[in-house]
Amino acid sequence: MSSPLLATNGMCTSYGLSQVLFDMSFDVSEGDTLALLGRNGAGKSTTLKSLMGVLPATRGRTVYNGTDISKWRPERIARAGVGYVPEDRQVFAELTVEENLLMGEKRGADGNQRWTLDRIYDTFPLLVPLKTRVAGLLSGGEQQMLSLARTLMGNPKLLLLDEPSEGLAPLIVQQIGDVLKKLRQDGLTVILAEQNMRFCLDLATSAVVIDHGTAVFQGSIEALRNDEHLIKKYLSV
Ligand SMILES: Nc1ncnc2c1ncn2[C@@H]1O[C@H](COP(=O)(O)OP(=O)(O)OP(=O)(O)O)[C@@H](O)[C@H]1O
Ligand SMILES: [Mg+2]
């Protein structure tokens, strides 16, 4: 078996004195779309922040692409090929859609440039008529698409995506799902934090269920789908 692209082991993270992640461990294989599932406040966003170095873990070890990145700063982790779309989406409100995309343009860690503006517009047709629109005037769904597209312009090897479906209308949620399926078919590795299990079921290949800051399940998405007890205990509202 090949080693995972990313593996975290025993991760503990606190906000000040308040510890919210406890001995979090899971891994993701190259080409997988891993869903991080859990109820409101379970620790999904904090897990992504810790992997990205935005909120460094106080304990534990994260190995990415064969290297221990636990102590790295976010910029260094990004340069190594990890793209991160945080929950607040962070578009440059006063720049146009195309300017936002160009701000994100950089070669991948291996020097490749798989993503170009043409490929972005091909993957996100919704952005085409919005090229010259100022990003601050976009809807929430359009901003989510832009934020994802801008991150892809950085040619990541691993994409961390925080609740892309949150607060969006069903039609745009479906469009985002379609984009994520395309990315999976292209072989990109994705860690997707989501409260919405149904959104993940036909997107993700594997899943981690988080409860009270720790991973209580890791397995295939089929194993999760068939485990009514687990779903009821940790994921039903
Ligand atoms: N900035 C912060 N300061 C202190 N505590 C925080 C902060 N952000 C989150 N928390 C706490 O950490 C815990 C985990 O929060 P986190 O945002 O990681 O959960 P989540 O699984 O992403 O939830 P949601 O589905 O609502 O996005 C929660 O108890 C939350 O109240
Ligand atoms: Mg969250």
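In this predicted model, Thr 47 lies in helix 1, which covers residues 44-52. Thr 47 has a relative accessible area of 0%. The cut-off for a buried residue is under 20%, so Thr 47 counts as buried. Beyond residues up to four places away in sequence, Thr 47 touches Met 11, Leu 21, Met 24, Phe 26, Leu 36 and Ile 210.

Val 134 sits in the loop between helix 4 (117-123) and helix 5. The relative accessibility of Val 134 is 32%. Buried residues fall under 20% and exposed ones over 50%; Val 134 is therefore partly exposed. Neighbours within four places in sequence set aside, Val 134 contacts Ala 93, Glu 94, Leu 95 and Thr 96. Glu 98 is 36 residues away from Val 134 along the chain. The C-alpha atoms of Val 134 and Glu 98 are 9.1 Å apart.

Two packed helices are described by the angle between their axes and the distance between the axes. Helix 5 spans residues 140-152, and helix 6 spans residues 170-185. The two pack at an angle of about 15 degrees. Their axes are 10 Å apart. Angles under 35 degrees count as roughly parallel, so helix 5 is roughly parallel to helix 6. The crossing of helix 5 past helix 6 is right-handed.

Helix 5 contributes Gly 141, Glu 142, Gln 144, Met 145, Leu 148 and Leu 152 to the contact. Helix 6 contributes Ile 172, Gln 175, Ile 176, Val 179, Leu 180 and Leu 183. By class, the residues of this contact comprise 8 nonpolar, 3 polar and 1 charged.

The chain as a whole was then considered. The protein chain contains 9 helices and 10 strands. Its C-alpha trace spans about 45 × 40 × 35 Å along the principal axes. The radius of gyration is 17 Å. For 237 residues, a compact globule would have a value near 18 Å, so the chain agrees with that expectation. Of the 237 residues, 52% are buried.

Notes: Residues numbered from 1 in each chain as written. Chains lettered and ligands numbered in written order. Predicted model: local features only at pLDDT ≥ 70, side-chain atom pairs only at ≥ 80, totals over all residues. Heavy atoms only, no water. Axes fitted to C-alpha atoms, helices over the stretch in contact; angles between N-to-C directions. Helix = DSSP H or I, 4+ residues; strand = E, 2+ residues; numbered from the N terminus. Parallel < 35°, antiparallel > 145°, perpendicular 65-115°, else oblique. Left-handed = near helix turned anticlockwise from the far one by under 90°. Contact = heavy atoms within 4.5 Å. Nonpolar A, V, L, I, M, F, W, Y, C, P; charged D, E, K, R; others polar. Buried < 20%, exposed > 50% of the residue type's maximum accessible area, 1.4 Å probe, protein only. Rg over C-alpha atoms; globule rule 2.2 N^0.38 Å.
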